[in-house]
Structure formats: structure tokens, C-alpha cells
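Take a walk through this protein, from its overall layout down to single side chains. Keep the sequence and the coordinates in view as you read.

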Amino acid sequence: MQFIKTMLWVLFAVTLVIFAVNNWAPTSILIWPEVRVDTKLPVLVIGAFAIGFLPMWLLHRASNWRLKRRIASLEEAARPRTVPMAPVPASAPIVAEPEPAIRGEPI
């Protein structure tokens, strides 16, 4: 599974580099009527992707964390409890019960 995950990340990184190299052109962005920002196109696209992706990713991680904590607490509540036995006082004598007699043999 780790190999597939690494392969997908490498494929994503290579695709991103190819996109950046092929589209390295200056782009002008009008933010407000008097504010214009000049940047490269890959920076703009990656920035827009990050602005949209990061909040949803953080929300996903937070909900996973919350649900894992809830499942752990429910599993702990469902686990059967064992009642500890009271310790036997050391001063109490240990009395062995006599073995029952076997038929046909005298005691």
C-alpha cells in the first residue's frame, strides 16, 4: 500500500512540474480597481488549489480525529469490567476440605 501511495505522490509531483514548465507565463490579476498583481500562471493555479483544498483537508482531519476518539471511548465503555477480588488476609488459616470417600473403601 505504501508503494502505491508513494507512486501516486511522485506522479502528482511530475505532473505539477510538467504543467509549471509548459505554462510559465506572466499573468496579471486585478484584485481591486487599483491593485493589480503580476505573477506566473503556475503560482496562481497552485495558490488557488491550495486555498480551496487546505480548509477541506483540515476539516476532514479534524472530523477523523473526533470520530476516532468517539469510537475509542465507546469501545472502552463496551469492554467488560472485571471486579478485583478482595485479598485474603494473611492471618486466616487455610483449611483443606477432606476428600470424599470412594465407595467400597473405608475412611
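Predicted model: local features only at pLDDT ≥ 70, side-chain atom pairs only at ≥ 80, totals over all residues.

The protein holds 2 helices and 2 strands. Along the sequence they run in the pattern α-β-β-α. Helix 1 spans residues 2–22. Strand 1 covers residues 26–32, and strand 2 covers residues 35–40. Helix 2 takes in residues 41–78.

Some totals come next. The protein has 107 residues, and 3% of them are buried. Its accessible surface is about 10,700 Å². Carbon and sulfur atoms account for 70% of that surface. Now take the contacts with a sequence separation of 6 or more: 7% of them link residues 24 or more positions apart.

Turn to the strands. How do strand 1 and strand 2 pair, and over how many bridges? The pairing is antiparallel, with 6 bridges. A hairpin of 2 residues carries the chain from strand 1 to strand 2. Trp32 sits opposite Val35 of strand 2. Ile29 sits opposite Val37, also in strand 2.

Stay in strand 2 for Thr39. Is Thr39 buried or exposed? Its relative accessible area is 19%. The cut-off for buried is under 20%, so Thr39 counts as buried. What does Thr39 touch, once residues up to four places away in sequence are set aside? The list is Ala25, Pro26, Thr27, Ile29 and Leu44.

Leu41 belongs to helix 2. With a relative accessible area of 27%, Leu41 is partly exposed. Leu41 contacts Asn23, Ala25 and Thr27, leaving aside neighbours within four places in sequence. Ala25 and Thr27 are also on the contact list of Thr39. Leu41 and Thr27 are 14 residues apart along the chain, yet their C-alpha atoms are separated by 5.8 Å.

Trp24 lies in the loop between helix 1 and strand 1. Its relative accessible area is 52%, and Trp24 is exposed. Beyond residues up to four places away in sequence, Trp24 touches Lys40 and Pro42. What is the spacing between Trp24 and Thr39? They are 15 residues apart in sequence, and 9.7 Å apart from C-alpha to C-alpha.

Now the aromatic rings. How many aromatic pairs are there? The count is 2. One of these pairs joins Trp9 and Phe12, and its geometry is edge-to-face. The ring centres lie 6.0 Å apart, with 85° between the planes. Trp9 counts as exposed, at 56% relative accessibility. Phe12 counts as partly exposed, at 42%.

Phe49 and Phe53 also form an aromatic pair, and this one is stacked. Centre to centre, the distance is 5.4 Å, and the planes are 10° apart. These two residues are in helix 2 and 4 residues apart, so they too are separated by about one helical turn. Phe49 is partly exposed, at 49% relative accessibility. Phe53 is partly exposed as well, at 40%.

What lines the largest pocket? The lining consists of Trp9, Phe12, Thr15, Leu16, Phe19, Val45, Ile46, Phe49, Phe53 and Trp57. Helix 1 and helix 2 are the elements that give two or more residues to this lining. The space in the largest pocket is about 290 Å³.

Return to the display with these points in hand. Look at the hairpin that joins strand 1 to strand 2. Find Thr39, which is buried, and then Trp24, which is exposed. End at the largest pocket, where Trp9, Phe12, Phe49 and Phe53 are among the lining residues.

Notes. Residues numbered from 1 in each chain as written. Heavy atoms only, no water. Pairing = 2+ DSSP bridges. Phe/Tyr/Trp six-rings, centres within 6.5 Å; stacked < 30°, edge-to-face > 60°. Buried < 20%, exposed > 50% of the residue type's maximum accessible area, 1.4 Å probe, protein only. Contact = heavy atoms within 4.5 Å. Areas by Shrake-Rupley, 256 points an atom, 1.4 Å probe, with all protein chains shown as cover. 1 Å grid on protein atoms, 1.4 Å probe; cavity = no way out; pocket = protein on both sides within 12 Å on 5 of 7 lines; lining within 4 Å. Points joined across faces, edges and corners; volume = space filled by probe spheres on them.
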